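Work through the exercises below with the sequence and the model at hand. Each task is followed by its solution in steps.

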Amino acid sequence: MGTGASKNTEEGGSQGMGEEEERNQAGGQLYVSLKMENYKRKGDLIPHVYGSVPLVGSWDSSKALSMERESASLWELSFVVPPNHETLDFKFLLKPKYSNVPCIVEEGPNRQLIGGTLQGDARLALFRLNADEVLEYRVLIQADRVSPFDLAASWRAYQENLRPSAVRGIPDVSINSAPEMSAENGSSASLELDLEHYVVPAPTSANSGLFYAANNTETPRSLTLAGVFSNMDGSGNVLHPSKDGSVSTDRPATIKEMEVIVPDSSRVYSGSGVVESKSVGTFSPSQKQDNHRGLLVDRGVGSPRLVKSASASTFTVDLRMDTETKNSMPAAAGAVAAAAVADQMLGPKEDRHLAIVLVGLPARGKTFTAAKLTRYLRWLGHDTKHFNVGKYRRLKHGANQSADFFRADNPEGMEARNEVAALAMEDMISWMQEGGQVGIFDATNSSRKRRNMLMKMAEGKCKIIFLESLCNDERIIERNIRLKIQQSPDYAEQPDFEAGLQDFKDRLANYEKVYETVEEGSYIKMIDMASGHGGQIQVNNISGYLPGRIVFFLVNTHLTPRPILLTRHGESKDNVRGRIGGDTALSDAGEIYAKKLTNFIEKRLKSERAASIWTSTLQRTILTASPIVGFPKIQWRALDEINAGVCDGMTYEEIKKNMPEEYDRARKKDKLRYRYPRGESYLDVIQRLEPVIIELERQRAPVVVISHQAVLRALYAYFADRPLKEIPHIEVPLHTIIEIQMGVTGVQEKRYKLMD
């Protein structure tokens, strides 16, 4: 991988790096690995390296570099030698773990490394503990000349057991192989055996318990206005209409009843965008708008829209470009905003709005996938809504429909299902015309005829991408069917589980008889992706930034249940002083929390040895994670705290005093978009966190994320599906663990407060 050779030097011989021309290749730098091995470790004596500047402190033992423990008997330190300092004088010494003195320096002359070649004979490192006792360490010195390209690609991070240069004191990737014994362990930092003792209430808006994802989708607007819907209780469960069809609502009467358009599935949108329709309910007098006559159709929110009236043959509503651009621009920064601008300026009109149309048999995870995709796109800043046709059907025709309702040879059932599908599509297109960007249309859409109907309705208004979910794993299908019976309002009034199970399987058989896989238009096919163990993604005619991000997200998502633990670092010295940013060490309380967190993770994840610990590159998170043993620890620059720019290290009072314009106006006015001078905004943080989210979705084992308040606010908002505007105000207290449980039933939350 490097541009030069690698040589090892052990006791009993001396070898160089190679020929002179190899040592002086342009651009190459020396990568040196020093290892010491001893099977008779003495107490808390830690091997160190000290010597000449600039690497090891100019023979100052207090600045000596600690070697990292690689195993019970092996210690290692690796570093890159600057090109202008390829002569290194050094020695090994032993230092107590918790103090700088006394130090025991190795016997014999200095070791000298010139251009990667060890001068003189290699030898053991001998340390005289007292007059009668000498401690021996076997020494291994390895030097490689590595190109800057290899260094930039973190070559050594993979070549050397995921351990890159530790000259700055902390490796980017490490794992503690055994616990360090301390007299303080088990005292004030210990936890009670019952972790539930530390549980505190989660925010009221957080998801908890089992829920049916379709209940959280967009509430049908057209059915609401038609007065044919049933009400819903606070949990999203459908309350069915009475037998006489009457429904009582708390909605105040409008001045004039508004017409509701129900498209005829046989005469839906033509190429000109005109709707041929039949009416349900009453209508208002026609009104003038932009010199066109039409019926005013109330969609519940936003602006009214026009449909064809009896006195007008055709019409179009020509919105100005700047209005459309403003409405569909995502509340985002960086790449997302840049892509949105490019799509507005260069793409055709229908590309400004995207419809993801789900396709697949029941119990294939369509609704859950749609919910996850909705959450992801909203978090990135795209205005996204999830429209579930099953919800429309239950509101319009009731929830207690038997399997016969879903037969292809049942004309009444087919007409009813096509009607509610057209209603949902109408609502989605209307919402897009009011400024929405991405609509997710959730239904089986299992026939080519149904999909053609949807494409005609969307023609000239939005771009359709079909997302088909295929699953051949009978175990997953059976699990999904049983969850469906337990959670779906379709079976809420069915007391006999087995009867409901048989009815759903009959419904599934009716769909299977007429199912036609997608072969038309733009599509994404997810084949056996639910387990997270392989599968396929097939794409056809997919282009553009946003469709590409969607494909990338779907490739990395799965349904494997696992917990994700979010926590801030232990209290830092800057926390005590009230200063933002900085890179200080932990306070006394922070060190106690680090020990309590270690005990918590050991108990909570004791059977999850594949778990990993993620930290930022700032020392307060690294120090919080340092007592944790047995799990890989990975540093992410993306997890660093929001960059406060010129305000870094200041208190809020100092900012208010010295920069009143920034504090009182800009930041308070829009904390989400406010960017510290030469620093970052919350939207900037979201942009750099996207790879973290993708990797969290891809992981199948638990992950502990130790980071900072602004970063954890953004991560938590993704899992809890909180609006972007709420992110700067989400409470993420110190010394508290937020456990996010990801699984087939959605996202659930539990909080543990380990310290006051």
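**Exercise 1. Find which residues of helix H8 meet which residues of helix H9, and describe how the two helices pack.**

Step 1. On the H8 side, the residues in contact (heavy atoms within 4.5 Å) are Val389, Tyr392, Arg393, Lys396 and His397. Their partners in H9 are Ala416, Glu419, Val420, Ala421, Leu423, Ala424 and Asp427. Helices here are DSSP runs of H or I with at least four residues, strands are runs of E with at least two, and both are numbered from the N terminus.

Step 2. Sort these residues by class: 7 are nonpolar, 1 is polar and 4 are charged. Ala, Val, Leu, Ile, Met, Phe, Trp, Tyr, Cys and Pro count as nonpolar, Asp, Glu, Lys and Arg as charged, and the others, Gly among them, as polar.

Step 3. The axes of H8 (residues 389–397) and H9 come within 9 Å and cross at roughly 120°. Axes are lines fitted to C-alpha atoms, for helices over the stretch in contact, and angles run from 0 to 180 degrees between N-to-C directions. H8 and H9 are therefore oblique to each other; angles under 35 degrees count as roughly parallel, over 145 as roughly antiparallel, 65 to 115 as roughly perpendicular and the rest as oblique.

The model is predicted: local features need pLDDT of at least 70, side-chain atom pairs count only at pLDDT 80 or more, and totals for chains, interfaces and linings use all residues. Residues are numbered from 1 along each chain as its sequence is written, and side-chain values use heavy atoms, with hydrogens and water left out.

**Exercise 2. Describe the packing of H9 with helix H10.**

Step 1. H9 (residues 411–433) and H10 (residues 448–458) pack at about 30°, with axes 11 Å apart. That angle makes H9 roughly parallel to H10.

Step 2. Arg417, Asn418, Ala421, Ala422, Met425, Glu426 and Ile429 of H9 meet Arg450, Met453, Leu454, Met457 and Ala458 of H10. This contact has 8 nonpolar, 1 polar and 3 charged residues.

**Exercise 3. Describe the packing of H7 with helix H19.**

Step 1. The angle between H7 and H19 (residues 682–698) is about 160°, and their axes are 10 Å apart. H7 is therefore roughly antiparallel to H19.

Step 2. From H7, Lys372, Arg375, Tyr376, Trp379 and Leu380 take part. They meet Ile686, Gln687, Leu689, Glu690, Ile693, Ile694 and Glu697 in H19. By class, the contact has 7 nonpolar, 1 polar and 4 charged residues.

**Exercise 4. Which elements give two or more residues to the lining of the second largest cavity?**

Step 1. The elements are helix H7 (366–380) and strand S23 (463–470). H7 provides the largest share, 3 residues.

Step 2. Among the 15 lining residues, Thr369, Met526, Met529, Ala530 and Leu559 are the closest to the centre of the second largest cavity. The lining has 7 nonpolar, 5 polar and 3 charged residues.

Methods
1 Å grid on protein atoms, 1.4 Å probe; cavity = no way out; pocket = protein on both sides within 12 Å on 5 of 7 lines; lining within 4 Å.
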